[in-house]
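This briefing concerns a metal site and a nonpolar core. The structure is shown first, followed by the points grouped by topic.

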Amino acid sequence: MRVLIAAVGAVAPFVSVLACSMATVTTPQSAPSAAPPLAAAEPAPVAPPTSVLDGIFTEAQAERGRAAYNEHCAECHGEELRGDEMAPGLTGVVFRFRWRGLNVGDIYASVQSTMPPEEPATLGDQNYIDLVAFMLRANGYPAGDRELATDPVLLQGVAVEGVPP
Ligand code: HEC
């Protein structure tokens with residue numbers, strides 16, 4: 001028994017010395033070596049879009065939006081987005097007057113929180129933003145090479161402007 005205690009007593013300081021020296025050796029080494037690769041891997045910042053004329057969605061995204069539209073929206077707003085006696089059209093004059101002076105974040109928030117009327121906000125963020133891309137394309141806005149993301153801050157920075165003739 002006494003031997004065992006003596007053995008533990010002899011090992012314990014050893015271990016703490018070891019842990020201590022490991023800590024002092026690894027900390028200064030890992031900190032500076034981790035920083036430069038991280039900074040180098042950061043992509044060059046891309047200026048966020050400010051207008052619906054900047055090509056803020058992709059064709060593929062608008063196509064996904066069309067699929068979601070046909071499934072969840074076309075029954076009321078019509079295959080060609082012209083609306084009928086039950087629901088307003090989503091293109092042309094109606095679109096321009098509704099969203100003039102507003103931003104894409106407003107469209108996204110409105111559609112997500114009110115449509116479809118019987119079960120709003122049930123389709124998931126990705127479907128709603130794809131639907132916005134589809135509606136923008138249907139209104140003549142150009143596609144680009146970046147998908148429109150659901151980031152509300154970014155969306156609020158994108159103004160709805162008229163399509164130039
Ligand atoms: C059951 C019929 C119905 C369905 C399904 C439906 N809508 Fe609507 N929608 C309406 C009606 C009615 C209005 C007008 C009343 C209102 O604004 O609440 C409207 C209004 C809108 C507006 C104008 C909103 C605004 O703030 O001015 C948009 C945009 C819209 N719908 C998009 C959609 C999309 C996208 C879908 C599919 C996810 C959809 N709707 C599904 C009936 C429908």
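A residue is called buried under 20% relative accessible area, exposed over 50% and partly exposed in between (1.4 Å probe, protein chains only). The model is predicted: local features need pLDDT of at least 70, side-chain atom pairs count only at pLDDT 80 or more, and totals for chains, interfaces and linings use all residues. Residues are numbered from 1 along each chain as its sequence is written, and side-chain values use heavy atoms, with hydrogens and water left out.

- His77 (NE2) and Met115 (SD) are the protein donors (N, O and S atoms within 2.8 Å of the metal, or 3.2 Å for Na, K and Ca) of the ligand's iron atom, at 2.0 to 2.2 Å from it.
- His77 belongs to helix H3 (residues 74-77) and Met115 to the loop between helix H5 (104-114) and helix H6 (125-138), so the pair ties together parts 38 residues apart in sequence.
- Helices here are DSSP runs (H or I, at least four residues), numbered from the N terminus.

- His77 counts as buried because its relative accessibility is 9%, whereas Met115, at 28%, counts as partly exposed.
- Beyond residues up to four places away in sequence, His77 has contacts (heavy atoms within 4.5 Å) that include Tyr69, Arg82 and Met115.

**Nonpolar core**
- A nonpolar core is a set of buried Ala, Val, Leu, Ile, Met, Phe, Trp, Tyr and Cys residues joined through side-chain atoms within 4.5 Å.
- The largest such core has 30 residues, and Tyr69 and Leu136 are among those touching the most other members.
- Helix H6 gives the most to this core, with eight residues.

Technical notes
Helices (H or I, at least four residues) and strands (E, at least two) are DSSP runs, numbered from the N terminus.
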